[in-house]
Amino acid sequence: MMFIGAAVFFIIAYVVYGKFLTNVFNLNNDNKTPAEVYFDGVDYVPAHPAVLLGHHFASIAGAGPIVGPITAAAMFGWLPAYIWCLVGSAFIGGVHDMGALVASIRHKGLSVGEVVERWIGHRGKKLFLTFTWLALVLVVAVFMELAAQTFAADPAVAFSGTLYIFMALIFGVLIYRMGLSLFISTLVMVPIVIGAVFYADSVEWVPQFFAFGRDLSTPEGKASLVNLWRVALTVYIFAASVLPVWLLLQPRDYLASYLLYFSVAIGAIGMIFGKQFDVSSFPAFTGFTSAKGDFIWPILFITVACGAISGFHSLVGSGTTAKQIRREKDAVLVGYGAMLIEGIVAVIAIGTVMMAGKILEGGPNMTYGKGLGQFASLVGIDPKVGASLGLLALNSFILTSLDTATRLARYQLQEFTDMKLDRYTATAIGVGAALFLVFYKTGGKAAWQLIWPVFGASNQLVAALALLALGVWLKRGLKKPNGFVMVPMFFMFVTTIAALVLLIKANLANHLLAGISILLLVLALLMAREGFGALQKGPEK
């Protein structure tokens, strides 16, 4: 019932609230989109809505909708996390995602920073882009590390993940240069990508080959393999940032999305028919404070993150997606629909920890992987293969967010410098900053590990600032009521500011984390001042 209830709720929300949003934003397929007006074959490329949905969904669905809901459910019980995933996805995250996408479409396919400059001011734009670029560099660093660790730990995932990067290149050429139909290309490529996991788990040469001569029984061998994957991923994300979007980024995300859809289907089957899995021991609600003493507000809403709303989504929507959308009304499916699908992923993630009864050794990632393996056994798939499928799906979430975040950081930096930096230089600066966070160590820990706790709050604060920009644009530009945006904005802004203050208070000894948290807090408050000042000006005449 838990899954069915969520599915029915999201379907109704898509039909009813999606229509409301369509009317508010005046979506009209007669309007030319940036992909058509500014077509350049590199960033601006019109895409079929199914392809773009795959790219957008795969890009926004990082580890957040899995790790966040599982962690929150373990802290406060499954019911608060479940309710927030439903309400947040439909009325806050979905509005945020679709709004950012539409606003970007109406502003030349540029980022929310352009919306900020047009309706709030140049200083607001600089503050917003500084904030978001710093957040994106942290995303690139952390997701690079997570991807490298996953590839090193599971050869089947490494084999499959590497394979569909090369398959994506072939797919892009077949579709955009040789004119092969999307249906035929999908019919051939998708079984290869998903079948790679089954193949890799059944042969001996894959784990031997993907050890690359390292002795994985020793810590030194494992560390060396992780370093090798870091280097390989650095080359990959640089290429994904500068190559034409149709050649690598878009087709890879599209192919990866089918793996994600497959994992959602397995999760749905498991939650609906898996009666033999006893979930009665997992509490619905454990209280308003966690075992560690964290109060449910603001911690729950920061922890669930992408399962309900994520500022990263507005950067994707106004970054890569807006430059590829071919008709305005596709924004409902791609912007709003993708967020609701992510809400379903979050619900399935909650189901896996309910089945396990707790977060298993290895953390939320392993809990999700093993849970999906158990669900897969219901349809005759070996649990080990099912677990590999789950981890590959998770790694796909991470990898697609990683390559998209690298491209987004490039866009943000180029817009900050008024397009004075070329795409190679802007990418190199972003990747270089991320590598610094990965390799620089202080106190025995990598820099990214020290500042990662700030990501949840900073990510949600990006969402609040994006909602603020949307609210100003709706009032001053579209001359429409903006309450449906401003109420979520106030809630998210107050919640994330409170979380940042608590984070600073608890980590004063961690000078790097405290310093960055204070910097982000100041940038956000300055940006908010600019935004609220612009609201006082009223509609533009």
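Predicted model: local features only at pLDDT ≥ 70, side-chain atom pairs only at ≥ 80, totals over all residues.
Helix 7 (122-153), helix 14 (311-317) and helix 20 (455-477) each give at least two residues to the lining of the second largest cavity. Helix 20 provides the largest share of its lining, with four residues. Sorted by class, the lining of the second largest cavity holds seven nonpolar residues, three polar ones and no charged ones.

How many cavities of 30 Å³ or more does a search of the whole structure find? The search finds three. The largest cavity has a volume of about 50 Å³. Here the helices to display are helix 12 (249-273), helix 16 (363-376) and helix 17 (383-416), each of which supplies at least two lining residues. Helix 12 makes the largest contribution to the lining of the largest cavity, four residues. If you want to select the lining by residue, take Leu259, Phe262, Ser263, Ile266, Leu372, Ala376, Gly386, Leu389 and Gly390. Six residues in the lining of the largest cavity are nonpolar, three are polar and none is charged.

The largest pocket holds about 1,300 Å³ of space. Its lining counts 43 residues, and those closest to the pocket centre are Val67, Thr71, Thr303, Trp452 and Pro453. Two or more lining residues come from each of helix 4 (64-76), helix 7, helix 13 (296-304), helix 16, helix 20 and helix 21 (483-506). Which of these helices gives the largest share of the lining? Helix 4 does, with six residues. By class, the lining of the largest pocket consists of 30 nonpolar, 11 polar and two charged residues.

Helix 4 deserves a visit of its own. With 13 residues at 1.5 Å a residue, helix 4 should span 18 Å, and because its end C-alpha atoms are 17 Å apart, the model agrees with that expectation. Helix 4 is mostly covered, with 10 of its 13 residues buried. Those buried residues are Gly64, Pro65, Ile66, Gly68, Pro69, Ile70, Ala72, Ala73, Met75 and Phe76. They pack against helix 5 (78-105), helix 13, helix 15 (330-356), helix 16 and helix 17. Just after helix 4 comes Gly77, whose phi is positive at about 100 degrees.

The last stop is the second largest pocket, with about 370 Å³ of space. This pocket is lined by 18 residues, and Thr150, Ala153, Asp154, Met366 and Leu391 are the ones nearest its centre. Helix 7, helix 16 and helix 17 each supply at least two residues of the lining. What is the largest share of the lining of the second largest pocket, and which helix does it come from? Seven residues make up that share, and they come from helix 17. The lining of the second largest pocket divides into eight nonpolar, six polar and four charged residues.

Helix 7 contributes to the second largest cavity, to the largest pocket and to the second largest pocket. Helix 16 lines the largest cavity, the largest pocket and the second largest pocket, and the buried residues of helix 4 also pack against helix 16.

Terms used. Residues numbered from 1 in each chain as written. Heavy atoms only, no water. 1 Å grid on protein atoms, 1.4 Å probe; cavity = no way out; pocket = protein on both sides within 12 Å on 5 of 7 lines; lining within 4 Å. Points joined across faces, edges and corners; volume = space filled by probe spheres on them. Nonpolar A, V, L, I, M, F, W, Y, C, P; charged D, E, K, R; others polar. Expected span 1.5 Å × (residues − 1). Buried < 20%, exposed > 50% of the residue type's maximum accessible area, 1.4 Å probe, protein only. Contact = heavy atoms within 4.5 Å.
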